[in-house]
Each structure stands twice: as C-alpha cells, then as structure tokens.
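Have a look at the model first, then read on.

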Amino acid sequence: MVEAINQGVYLVDGKDLVMDPAGMPSKEEGREQTIAYSILRSHDTTGEVSDKMRIKFDALISHDITYVGIIQTARAGGLKKFPLPYAMTNCHNSLCAVGGTINEDDHVFGLSAAKKYGGIYVPANLAVIHQYSREAMATCGGMILGSDFHTRYGSLGTMAVGEGGGELVKQLLQNTWDINAPEVVLVWLEGAPRKGVGPHDVAISLVKATFESGFCKNRVLEFAGPGVKNLPIDFRNGIDIMTTETTCLTSIWVTDEEVKHHYDMHGRPEAYRELRPGKVAYYDRLIRIDLSKQECMIALPFHPSNAYTIHELQADPVGILSAIEADAKKRFGDKVQVDLLSKIHDGRVMADQGLIAGCSGGTYDNLSAAASILEGKTCGNDYFTMSVYPQSLPVFLATNRSGIAEDFLEAGIAMKPAFCGPCFGAGDVPANNGLSLRHTTRNFPNREGSKPGAGQLSLVSLMDARSIAATAANGGYITAATDVEFEDTHIPYKYDGGIYQKRVFNGYGHADETLALRYGPNIKDWPKMFAMEDNMLVELAAVIHDPVTTTDELIPSGETSSYRSNPLKLSEFALSRRCPEYVGLSKRIQAQDHERRDGQVPANVAKALALVGAEATNTSFGSCVFSNKPGDGSAREQAASCQKVLGGDANICYEYATKRYRSNCINWGIVPFTIAPETEFPYEVGDMVFVPGIRQAIVEGKEEIDAKVITAAGEVKDIHLLFQNLTTAERTILADGCLMNYYANQNK
C-alpha cells in the first residue's frame, strides 16, 4: 500500500519519476522547482536563495485553549493591532463542564480582543478550527500559521504550519518564522481506492510507514501523481490533516478542478490557482501509495503508527491484543489493569464505543458514507454507543438537508455540535478499560481523558468513519467497511455560509484601540521571568527514559484545558499523569532560587556550588527535565511554559521529537540542551547539572559546552551539552529569559 524510498528522485513534467541524476539539474536547482519552494520563497523575507528562511505568513488561526495566552504575550510585547488576519475559533473549550464560567470568560475575552485589535472571532460550536480555515481562509499559494499541531491545508493549495503560541506572537509583532530550508518528500499517489476505503485508512498507512523511522521529520510532504484526481476534496483533506502524525513540517498538494470547485462553492473563486511542480523538480525522498491496494485499517493504542489492517486483527486478535496489554504494562506498571482480551467474543473483537468527529472525521463525505452504511440499521441498546460531530454548522446544516442526519438519528446515533473535545479527552470519554474506535487524529496514552495514576485507563483505536459505521451496524464487532454492502445515495455537499455571515465577527482592518479587553477572574498575566545569569545550576525534577515523551504527558489535556488562561493554575498539572512528584519538586527548587536572589543561599545550593567553585551571586538555580525524546504530539506551548512558570531553566535530551516543542522551549527561555547519542545518562531526580559560562556561550554563538553533573551523593562528573542550530534571535530570547522579555527589551 505504502512504500517509503529513501532516495532522491526527479519529477519531470509533473508525470515521470526519474531516479538517475545523470543529465538532471542539481539537487538545489531542482528543489527550487517544487511547489513547496515556490511558496516558501514567495514568503521568505530574506529575498535571497539560501539555506535559511525567514517566513511571514498570510494569516493566523488559534482556538480557545491558546489564543488568550498568545494575545497576553503579544500585548506585553507592545501589540497595537493585528497586522494580518487572525481568526480565533472556540472549538476546544466549548463546554463549561469544569471551573464554572472560566471557559465562557475566555470566549468573551476573545471577542473583545477581536474588536480591539481587529481580529476574526468564530463563536463556540460554529466550526472546528481547521474546517473554518478550509472554508474561509485557505488560498492556493498562501501560508497560514496556527497554534494547533494539525494546522494542515495542503490539499487546498495552502502551506499551513502548526506551532506553539510564541511563533504566532512573533507574527503579530511583525517578526518572522525562522527555519532551515527544508527537504521535500514527494508523495506519489497512484490508482483509486475501493468502495469502503476512506481517507483515514490511507492516512494511518502513511503514518505507519514513516513515523518510527523519522522518514518525514521536519520535511515538507508534496502530494502529486495520477491518483490525486481520483480523490474528492474531503478525502484529500482527511489524508492531509493526518500528515502531522508523520512529524513532517508541512504539506502541499497539486491543485486541479476539484480544488477549484471547492473555492467556487465556498464563494471564493479568487482563492484558486493551479499549483504544479516546475519542469524538472527534485525531491529528497519518495513515498509511493497505491490507493487501489489500500485496505481498511485500525491504529491500536497507543499511537497512530501502531497500525494493522482490520483483517489482520480479525485473523490474530489474541496475539495482537496481548501485545497491547504488554505495552500498557510496560508503560503504566500496576497502576492500571488492562484487559483487552476480554473484548474477544467468539473469535471476534468487540468495541465499546464509536466516534466520528473533528477536523479529520466530521467531513460531509465521511458522514454521508457512514450514514449510508447505517441506513435502516441500529447501533443497538447494549454497551456499544456511538456519536458523530459534524465539523462545522454548514456541514451540519447540509447533513440535515440531505437526509444524512435522519439516517444517523434513526439508527440511534447521537449527533453533536462542532467540537474538538473528543480528540483530547473533553467529550465522549470512554469508560475505564473501554475500547473506543474513533475517526479522530490521535490515540496517544493519557489523551482521551483517562487518568492512569488514578487507576483509570481507556483504550482508543483509530479507524475510518466507514469502518466505524460498519462496526456499529454489526453490533460493535470490529468490521471493515469493504466487507459490507452499501450505496451512498446522498446528494453531494452544498455549502451554505449564511450562518458565518450572521454570527462570525470579522473585524480585520477595523481595530478600535479605545475598547477594553474583557477579563474573567481566571485570566491571569504571566509571572515575572528572569534573564539568564552567567552560570546555570539546575536540579533534575523529572527523569524519563521512555522512547518518546508526548506533549500530552508534559501537560495533560482534558479538564486541564479549562485553566489554559491561568499560567499558575495550569502549571499545577505539569507532568501530573507521568511524574506526579514533578510539580512539588519544581516549586521547591523555584522557592530556593528566590531565597538565593534574596541573599539567603540554601544549604544544598551552596554545597553544590562549592563543589564546582562557583558563586551564588551570578548562578541561577532552576529545575530541569531529562527525557530521551520529548515533544511528540500537540503544538501546545504550555508544555514548555508550565515548566518555565515552575522555574524550569533547561531540558536535556538526545533529540527533540518536533521542531515545535523545541521552539516552544526557546520562546519560554528554556535552554534546549541535547547530548550525543552515545552519551549515557544514568542520573536521577535530585542530581544537579552545573553549566559554567552559559550566557556568554549562548550570546557568542557557541553550540556546545562542558558541564558538570553533581550527584546527590556529592560526586562530580563531566557531561558535554549541545545547543545547536539556534538563530541569532533565539539566542537573544534565551539570554533575555523569554520571548516576552525579548520584546519588552526591544521596546525600551
């Protein structure tokens, strides 16, 4: 189905793949002929062809977990008005189930900010963030930056990037997104999918083939090939949104009449233009996907790449599910008791829940196909339950007009408003030990709302909407949609944007600085951040040797999301489901640094400094996290800001899972140290690391430094730390202590 080829390839005239470089342009010349580079160069403010890019985007988009913090940070940096279109959707904290009024208080703040600074405000339940962008903001050849990891609109001709809030702040303050010129991977589509195969099946196969090896990491995926024309726009969107899970930088597709129809239907014909590679384009790697061979897939806990065909699961349920149980035991120990084997009945696996939702699942075409499979059937009145969430009110309205909603309701399927909650544990949380099948984006541990530390764990698997519907129609027994007969007779999607015209506030270009922001009691300013001192002493407050540490573990989702506008309150949840002791240890370390700043050096700090011959007057004391490979998953900047709020000064790892998390650390003044792959790290919580002359090294452009580990037993050992590939601006941000300080210093 999917073949990943680690070899450069030329695409000639947009149709012929050539592996032999003889007679071809250089790689550098050919790379400039890709769609990706034509768009990147047009947004690169350097005005030159180089290996460094400084990008300015055409538009920004955020949701209600992130926009308050972004605006608060930008305001501290001197924000007067939004210099480009900035849309704020309300699709994550739409429910006020936790914390009284605080979610709605954030929404009121968002509308007041749109009025004051000239922004776009999309009220709760009108649309999930990425569908609104597809409907109202995407343009062929444009670039959009979003504070959500799944910001991907390549199938509509827009290069879209998900980053932490600090990068959006830079754009609001008319700075740039600075990157190394990326490699480009050609995703070559051939054939046409069989009936019953959906976009999530292709996407899961793509993630399975590329994630573990890092094949796409920080690269651009460019989709082309004869198979593109065989995919409707919703199918393309469904694949594209999941490219995030490959850890690629962004994505772009060739455009055609199908894309033109999308823009025409949405009343924005001017947003379309044809995008094609140049005559001879070079790609650093190749992925070939034969759509005709694609099978129905299931991604089992605890990652979208942990994937099998549904037929493989049906053939060996005991072996496959036993491996998941063993993985859970390794991850959580005796905190939870996972019993997936009990889901096997008469040799078949039975699920407890089905869910179709969000930016990947709630498309019109997905809902249309699922409703057709369920027409005249029922999900039953036993343990199996099912809900669907159309991804916007225009889509919801179309399902009512076409009979799709009627088919779902008659089958006993609950239809709910546009909401991202099921993707991160704020809606339709399954029961303890429940097996949930979801057409959503992720199935990471701790993401769907369970709390392993409290003995609660639910198990999420990803499947396409069609197979979820087939499973529901089959009484909850996991079933491939290719194994059932159905005919989708619903009419094609017809977009009606009237609800947006009536309800969306579009104030871009009409800022009114005289208006006041409206603050609820939970919305707090950031606490004071200190500039970097000459030397750094950090104590390990968490040591994690898991292969990968996700942002969902660094700062859990679910009910914690309600406190995203309160930095101090939110920080109480940092690493709470992975290292419950982290917050208390970090607070103690932070308090001791405050004592040091007041001239009362704590005994343990004085002892450590004496061992390395350093002074407390010019040596900061902060907390540090060690993790093998941190930052996979969401773009949420709070994974880093919570560490900083608790006094975090550095992270140490072998590599960062994503550029996004590393950028978040830098923007919050956390030095992103790495160590060489061959370096052992046998140290434990309570051990300290002393980094002499770190400020000078950062400012002078050095990329490595000799440091000392001071163990709890008083031993002093050498360690070599790296801090490579930092831009000049990033070095200044670190020296200043954080992005807010950086802008405040500029405005003095």
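The lining of the largest pocket divides into 8 nonpolar, 5 polar and 12 charged residues. Here Ala, Val, Leu, Ile, Met, Phe, Trp, Tyr, Cys and Pro count as nonpolar, Asp, Glu, Lys and Arg as charged, and the others, Gly among them, as polar. This is a predicted model, in which local features need pLDDT of at least 70, side-chain atom pairs count only at pLDDT 80 or more, and totals for chains, interfaces and linings use all residues. Residues are numbered from 1 along each chain as its sequence is written, and side-chain values use heavy atoms, with hydrogens and water left out.

A pocket is an open set of points on a 1 Å grid over the protein atoms alone, where a 1.4 Å probe fits, with protein on both sides within 12 Å along at least five of seven lines; lining residues have an atom within 4 Å of a point. Its volume is the space filled by probe spheres set on the points, which are joined across faces, edges and corners.

| Pocket | Volume |
|---|---|
| Largest pocket | about 860 Å³ |
| Second largest pocket | about 730 Å³ |

Of the 30 residues lining the second largest pocket, N180, N218, K659, R662 and N725 are the closest to its centre.

Just after α17, G475 takes a positive phi of about 75°.

How values were computed. Helix = DSSP H or I, 4+ residues; strand = E, 2+ residues; numbered from the N terminus.
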